[in-house]
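Take a look at the protein below. This report walks through its fold, its charged pairs and a few selected side chains.

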Amino acid sequence: MLNSQSDKPKILYIVTQAEWGGAQRHIFDLSANLSRDFDITVAVGEPQGRHDLIDELAKSKEQRANAINIVQLRHLVRDISPIQDLMAIFEIAKLYKNLKPNIVH
């Protein structure tokens, strides 16, 4: 038995920044193609940075009935920052506890 209200398994994708690049394109392609069979959540760090991935996911959401949830992580940053890194761990743990995903990528 799955832990969500729907029968679809949940996937949580986590990426440090939303500026368009290889990882962001990969997450976009996976999310767009798997959203019919999975509940997809994409968690994105670097809140002050560019939001290319978020914008592309929002555009694609308008074109499909299967929503892809987007979560902005405030403390997940690319540069090494012990305090931000520790806070990001707690932020991701809280998200994980709330979503209870079957897969984290």
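A salt bridge here is a side-chain nitrogen of Lys or Arg within 4 Å of a carboxyl oxygen of Asp or Glu. Arginine 50 and aspartate 52 meet that rule, with N and O 2.8 Å apart. Keep in mind that the model is predicted.

**The overall fold**

The protein has 105 residues, and 33% of them are buried. It contains three helices and four strands. Along the sequence they follow the pattern β-α-β-α-β-α-β. The accessible surface comes to about 6,700 Å². Carbon and sulfur atoms hold 53% of that surface.

**Charged pairs**

Side chains of opposite charge can pair when their charged atoms come close. How many salt bridges does a search of the whole structure find? It finds five. Three of them are listed here.

| Aspartate 39 | Lysine 8 | 3.7 Å |

Start with the salt bridge between aspartate 39 and lysine 8. This pair links distant parts of the chain, 31 residues apart. Aspartate 39 is in strand 2 (residues 39-44), while lysine 8 is in the segment before strand 1 (10-15). Aspartate 39 is partly exposed, at 24% relative accessibility. Lysine 8 is partly exposed too, at 23%.

Glutamate 19 lies in the loop between strand 1 and helix 1, and arginine 50 in the loop between strand 2 and helix 2 (52-63), so the pair ties together parts 31 residues apart in sequence. Glutamate 19 is partly exposed, with a relative accessible area of 37%. Aspartate 52 is buried, at 18%, because buried means under 20%. Glu19, Arg50 and Asp52 are linked in a network of salt bridges.

Is glutamine 24 buried or exposed? Glutamine 24 counts as buried, because its relative accessibility is 7% and the limit is 20%. Its place is in helix 1 (residues 22-34). The side chain of glutamine 24 reaches the backbone nitrogen of glycine 21 at 3.3 Å. Beyond four places away in sequence, glutamine 24 touches Val15, Gln17, Ala18, Glu19 and Leu53.

Glutamine 84 sits in helix 3. It is partly exposed, at 26% relative accessibility. Leaving out residues up to four places away in sequence, glutamine 84 touches Arg74, His75 and Val77. With histidine 75, its side chain makes a side-chain polar contact of 3.0 Å. The C-alpha atoms of glutamine 84 and arginine 74 are 8.9 Å apart, and these residues are separated by 10 positions along the chain.

**Rings and a nonpolar patch**

The structure has one aromatic pair. The ring centres of tryptophan 20 and phenylalanine 28 are 5.9 Å apart. Their planes meet at 65 degrees, so the pair is edge-to-face. Tryptophan 20 is partly exposed, at 34% relative accessible area. Phenylalanine 28 is buried, at 14%.

Which residues form a nonpolar patch on the surface? They are Leu86, Ile89 and Phe90, with about 340 Å² of accessible area together. Isoleucine 89 is in helix 3 (residues 82-99). Isoleucine 89 counts as exposed, because its relative accessible area is 54% and the exposed class starts over 50%.

Technical notes: Residues are numbered from 1 along each chain as its sequence is written. This is a predicted model: local features need pLDDT of at least 70, side-chain atom pairs count only at pLDDT 80 or more; totals for chains, interfaces and linings use all residues. Side-chain values use heavy atoms; hydrogens and water are left out. Patches are made of residues with over 30% relative accessible area and no salt bridge: like charges are joined within 9 Å, nonpolar side chains (Val, Leu, Ile, Met, Phe, Trp, Tyr) within 5 Å. Accessible areas come from the Shrake-Rupley method with a 1.4 Å probe; for residues, only the protein chains shown count as cover. Helices (H or I, at least four residues) and strands (E, at least two) are DSSP runs, numbered from the N terminus. Buried means under 20% relative accessible area, exposed over 50%, partly exposed in between (1.4 Å probe, protein chains only). Rings of Phe, Tyr and Trp (its six-membered ring) pair if their centres lie within 6.5 Å; planes under 30 degrees apart count as stacked, over 60 as edge-to-face and the rest as tilted. Contact means heavy atoms within 4.5 Å. A polar contact is a pair of N or O atoms within 3.5 Å; within protein, one must be able to donate a hydrogen and the other to accept it, and residues adjacent in sequence count only if both atoms are side-chain atoms.
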